[in-house]
Amino acid sequence: MHKADGKTDELPEAKMGSVRPVAPMVLPVRDHYLLRMIRGPEAGATWSLYDGEAIIGRGYQASIRIEDEALSLQHARVIVGAAGVTLRDLGTPNGTYVEGKQLKGPIVLRNADRVCLGSTCLRLDAFDPYEREVDRRMRETAVRDRLTNLFNRNAFEERLSAEVAFARRHGTTIGVVMIDIDFFKQVNDTYGHSAGDAVLRSVAQGLQNTVRAEDITGRYGGEELSVIARGIDRAGLAQFAERIRRTVEAGSVPTGDAVIKVTASCGVAGVTGANARKVTSTSLVHEADMALYEAKRQGRNRVVISDAFGIY
């Protein structure tokens with residue numbers, strides 16, 4: 001650079017050895033596979049593929065179960081092995097297509113191949129361990145409530161719609177428990193919102209420790225949490241909700257010089273057998289909410305079960 005006095009500023013030469021040489025990074029081989037629904041009844045849903053065999057279909061025995069009427073009960077077989085991911089159609093009337101071409105025999109899928117079955121389209125994603133962790137975090141962020149780590153409302157409602165569709169088709173049992181923390185506004189007003197957040201996290205953790213592995217838990221809104229319970233009859237669902245209520249009542253959250261204890265009211269609705277064909281996810285949540293309001297009207301810290309659908 002030339003100055004007005006004619007002198008030139010020269011950039012100092014980089015000192016030898018000021019930058020440490022680094023060997024080129026060698027990423028590990030992609031060894032994890034994921035099927036992601038990009039079109040269908042649960043768009044965005046994912047299934048991890050592990051070594052061995054998995055069946056895609058809409059039947060009970062399908063390990064990748066999709067509620068699509070155009071799918072056969074057992075529609076296609078996926079095998080993960082040394083060769084990668086092999087896909088085979090199981091002789092279905094509607095066939096299986098990969099990148100628009102109908103399968104006539106087994107095929108080894110490539111990364112990002114699109115697999116169409118019925119009106120559902122899946123995509124194969126292959127990851128190395130680094131990519132897998134990034135993808136997991138992105139998916140968790142999209143479906144999880146940041147405060148409680150439960151499913152957020154959108155994700156919960158999508159899962160409920162799928163569960164109700166399955167119950168309607170097969171006449172199985174499905175139940176919903178709506179849980180509201182009693183007098184939660186008083187907690188915020190008395191101890192502050194950070195204490196209220198701590199209470200919500202504590203209740204959510206207690207809920208996750210109480211439900212079964214197959215149950216689906218969500219934060220429906222504010223201080224209202226929710227659970228989808230499969231395969232429990234009326235008496236079992238009442239006991240299930242009562243166990244949740246007792247868990248909340250037994251918990252405590254230390255904050256400053258105080259220990260906060262809260263209770264919860266629970267509203268329950270469910271259907272089974274032929275009656276499952278009479279409900280929608282919206283009507284099931286509505287009736288559970290009505291039962292929750294009744295629990296609050298009766299004095300809170302109790303469980304009320306709806307009989308709206310003449311269930312059980």
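**Figure 1. Helix H2 crosses helix H6 at roughly 105°.** The axes of H2 and H6 (residues 281-297) come within 9 Å; axes are lines fitted to C-alpha atoms, for helices over the stretch in contact, with angles from 0 to 180 degrees between N-to-C directions. Leu-160, Ser-161 and Val-164 of H2 meet Ser-281, Leu-284 and Val-285 of H6, where contact means heavy atoms within 4.5 Å. Helices (H or I, at least four residues) and strands (E, at least two) are DSSP runs, numbered from the N terminus. The model is predicted: local features need pLDDT of at least 70 and side-chain atom pairs count only at pLDDT 80 or more, whereas totals for chains, interfaces and linings use all residues. Residues are numbered from 1 along each chain as its sequence is written, and side-chain values use heavy atoms, with hydrogens and water left out.

**Figure 2. Two aromatic pairs are found in the model.** Rings of Phe, Tyr and Trp (its six-membered ring) pair if their centres lie within 6.5 Å; planes under 30 degrees apart count as stacked, over 60 as edge-to-face and the rest as tilted. For Tyr-60 and Phe-166, the ring centres are 5.1 Å apart and the planes stand at 90°, so this pair is edge-to-face. Tyr-60 belongs to the loop between strand E3 (52-57) and strand E4 (64-65), and Phe-166 to helix H2 (residues 153-170), so that 106 residues separate the partners and distant parts of the chain are linked. Tyr-60 is exposed, at 52% relative accessibility, whereas Phe-166 is buried, at 7%. These classes follow relative accessible area: buried is under 20%, exposed over 50% and partly exposed in between (1.4 Å probe, protein chains only). The pair of Phe-156 and Tyr-220 is also edge-to-face, with 6.1 Å from centre to centre and 85° between the planes. Here, too, distant parts of the chain are linked: Phe-156 is in H2 and Tyr-220 in strand E13 (residues 216-221), 64 residues apart. Phe-156 is buried, with a relative accessible area of 1%, and Tyr-220 is buried at 10%.

**Figure 3. Arginine side chains lie over the rings of Phe-166 and Phe-183.** A charge sits over a ring if NZ of Lys or CZ of Arg is within 6 Å of the ring centre and within 35 degrees of the ring normal. The charged end of Arg-65 is placed 3.6 Å from the centre of the Phe-166 ring. Arg-300 covers the face of Phe-183, at 4.4 Å from the ring centre.

**Figure 4. Arg-300 and Glu-99 have positive phi without being glycines.** For Arg-300, phi is about 70°. Arg-300 is in the loop between H6 and strand E18 (303-305) and is partly exposed, with a relative accessible area of 28%. For Glu-99, phi is about 50°. Glu-99 occupies the loop between strand E7 (96-98) and strand E8 (101-102) and is partly exposed at 33% relative accessibility.

**Figure 5. Ser-226 is a buried residue of 0% relative accessible area.** Ser-226 lies in strand E14 (residues 224-230). Apart from neighbours within four places in sequence, its contacts include Phe-156 and Tyr-220, the partners of the aromatic pair at 6.1 Å. Val-177, Met-178 and Ile-179 are also among the contacts of Ser-226.

**Figure 6. Val-268 of strand E17 (residues 264-271) is buried at 0% relative accessibility.** With residues up to four places away in sequence not counted, Val-268 touches residues including Val-176, Leu-237, Ala-288, Ala-291 and Ile-305. The C-alpha atoms of Val-268 and Ile-305 are separated by 4.6 Å, although the two are 37 residues apart along the chain. Leu-237 is part of helix H5 (residues 234-250) and is buried, at 1% relative accessibility. Between Leu-237 and Val-176, 61 residues apart along the chain, the C-alpha separation is 8.9 Å.

**Figure 7. The structure contains zero disulfides.** A disulfide is a pair of cysteine sulfur atoms within 2.5 Å. Cys-116 is partly exposed, at 23% relative accessibility, whereas Cys-266 is buried, with a relative accessible area of 0%. The protein as a whole has six helices and 18 strands, and 43% of its 312 residues count as buried.
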